[in-house]
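Trainee: I would like to go through the labels used for this model and hear what each one rests on.
Mentor: Ask about them one at a time.

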Amino acid sequence: MSLTEDWVQMRRQYERVIHGTGSSRPRWHQCVKTVDTALPALVSHLYIKHYFSTDIKQKASELIDNVKLEFKHTLTTRQAWLDRQTMDRALDNWRRVSSLAMANAFYNTVKNTVVIPAGILEGVFYHKDRPNYLNYGSIAKTAAHEIIHGFDSHGRHFDADGNVNYWWTGDTDRHYRHKAKCFVRQYGDYYVDHLGLGVNGARTQAENIADNGGIKLAFSAYERYVRVNGPEPGLPALPYTPEQLFWVSYGTHYCAKHNKESLKNLILNDSHTPKQYRINGALSNSHDFSRVFNCPLGSPMNSVHKCSVW
Ligand SMILES: [Zn+2]
């Protein structure tokens with residue numbers, strides 16, 4: 001930032017080619033971003049000290065607890081492809097993940113924890129005063145997505161203490177690859193006509209698997225919430241049930257608009273699928289989504305062949 005105008009222009013030119021944006025952000029924005037990138041823990045500390053209430057933490061913790069309980073339930077009841085020993089080790093990892101810390105969540109393999117920065121809990125992802133189905137469709141899904149990364153093709157290399165220690169045994173790897181192949185094919189079929197480019201199903205598979213498992217876990221976690229606390233009212237003037245609004249919330253938190261350059265860059269380089277397909281891909285695999293919206297089997301959003309790992 002202390003460089004001369006020539007360098008700023010060079011940067012702008014680069015941004016124009018890669019992202020299609022020519023204007024640089026205001027100086028205050030660049031300064032905040034630089035400090036946050038260099039000293040994230042310090043910025044978080046100051047933010048929490050001045051703006052974060054224990055009320056938010058308590059309510060968000062309840063939501064995260066429901067996600068964790070659902071994941072444990074999933075590990076122990078629905079996963080025929082995990083042999084006994086791998087499942088026991090997965091449960092060890094789950095116990096560690098349960099020490100979940102509190103706008104973008106990430107999985108830290110070495111510490112075996114999911115970190116959800118406090119700032120994410122006071123915006124579009126989450127608000128303590130809005131209906132739970134909206135929060136579960138966005139932040140619970142995000143937390144579940146990150147938890148699943150601890151158990152995927154990358155997470156399997158790290159044990160409960162975060163040490164490099166491959167913990168999958170027996171045929172688990174073969175079963176996983178077989179299930180993952182379904183996602184590689186499904187997402188590899190998504191094609192962006194105006195760019196003449198297809199999604200890379202292989203490069204994006206871990207993220208797609210985390211999206212699919214994440215939304216399934218988040219929906220079960222919301223059902224768990226309703227069993228304990230009772231049903232919630234819908235939103236005035238919107239003709240949707242609370243269950244439908246859960247899925248609407250998932251869709252809206254991925255709402256995005258890309259210019260040609262940034263979409264091309266995303267498809268060619270990113271480990272994530274463009275958001276439109278992150279939504280449609282995961283929802284067309286979901287039995288819960290189809291049930292809630294009465295999508296006939298075989299229609300575009302309720303495919304006959306559904307991919308699933310978790
Ligand atoms: Zn991810």
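Trainee: Why are α4 and α8 called roughly perpendicular?
Mentor: Helix α4 (residues 54-77) and helix α8 (residues 205-229) pack at an angle of about 115 degrees, with their axes 8 Å apart. Axes are lines fitted to C-alpha atoms, for helices over the stretch in contact, and angles run from 0 to 180 degrees between N-to-C directions. Angles under 35 degrees count as roughly parallel, over 145 as roughly antiparallel, 65 to 115 as roughly perpendicular and the rest as oblique. The pair α4 and α8 is therefore roughly perpendicular. This is a predicted model, in which local features need pLDDT of at least 70, side-chain atom pairs count only at pLDDT 80 or more, and totals for chains, interfaces and linings use all residues. Residues are numbered from 1 along each chain as its sequence is written.

Trainee: What makes a stretch a helix with a number?
Mentor: Helices (H or I, at least four residues) and strands (E, at least two) are DSSP runs, numbered from the N terminus.

Trainee: Which residues of α4 meet α8?
Mentor: On the α4 side they are N66, V67, L69, E70, F71 and T74, and on the α8 side L217, A218, S220, A221, R224 and Y225. Contact is judged by C-beta atoms, placed from the backbone, lying within 7 Å. The residues of this contact of α4 with α8 divide into 7 nonpolar, 3 polar and 2 charged. In that division Ala, Val, Leu, Ile, Met, Phe, Trp, Tyr, Cys and Pro count as nonpolar, Asp, Glu, Lys and Arg as charged, and the others, Gly among them, as polar.

Trainee: Which hand does the crossing of α4 and α8 have?
Mentor: α4 passes α8 in a right-handed crossing. A crossing is left-handed if the near helix is turned anticlockwise from the far one by less than a right angle, and right-handed if clockwise.

Trainee: How does the span of α4 compare with the one expected?
Mentor: α4 has 24 residues and reaches 34 Å from its first C-alpha to its last, close to the 34 Å expected. The expected span of a helix is 1.5 Å times one less than its number of residues.

Trainee: Which residues of α4 are buried?
Mentor: They are A60, L63, I64, N66, V67, K68, E70 and F71. A residue is buried if 20 or more other C-beta atoms lie within 10 Å of its own, exposed if 12 or fewer, and partly exposed in between.

Trainee: What makes α2 lie largely in the open?
Mentor: Of its 12 residues, the number buried is 0, so α2 lies largely in the open. The end C-alpha atoms of α2 (residues 27-38) are 17 Å apart, which agrees with the 16 Å it should span. Helix α3 (residues 40-51) is hardly covered, with a count of 0 buried among its 12 residues. The ends of α3 are 16 Å apart, and 16 Å is what its 12 residues should span.

Trainee: Why is α6 called oblique to α9?
Mentor: Helix α6 (residues 132-149) and helix α9 (residues 242-253) pack at an angle of about 40 degrees, with their axes 7 Å apart. That makes α6 oblique to α9. α6 passes α9 in a right-handed crossing. The α6 residues Y133, L134, Y136, G137, S138 and K141 meet P242, L245, F246, W247, S249, Y250 and H253 in α9. The residues of this contact of α6 with α9 divide into 8 nonpolar, 4 polar and 1 charged.

Trainee: Is F289 buried or exposed?
Mentor: F289 has 22 other C-beta atoms within 10 Å, so it is buried. F289 lies in helix α12 (residues 287-293). Not counting residues up to four places away in sequence, F289 touches W247 and L283.

Trainee: How do you know that Q244 is partly exposed?
Mentor: With 17 other C-beta atoms within 10 Å, Q244 is partly exposed. Its place is in helix α9. Q244 touches V292 and F293, not counting residues up to four places away in sequence.

Trainee: Why does A237 count as exposed?
Mentor: A237 has 5 C-beta neighbours inside 10 Å, so it counts as exposed. A237 lies in the loop between α8 and α9. Its phi is near 70 degrees, a positive value in a residue other than glycine.

Technical notes
Two residues are in contact if their C-beta atoms, placed from the backbone, lie within 7 Å.
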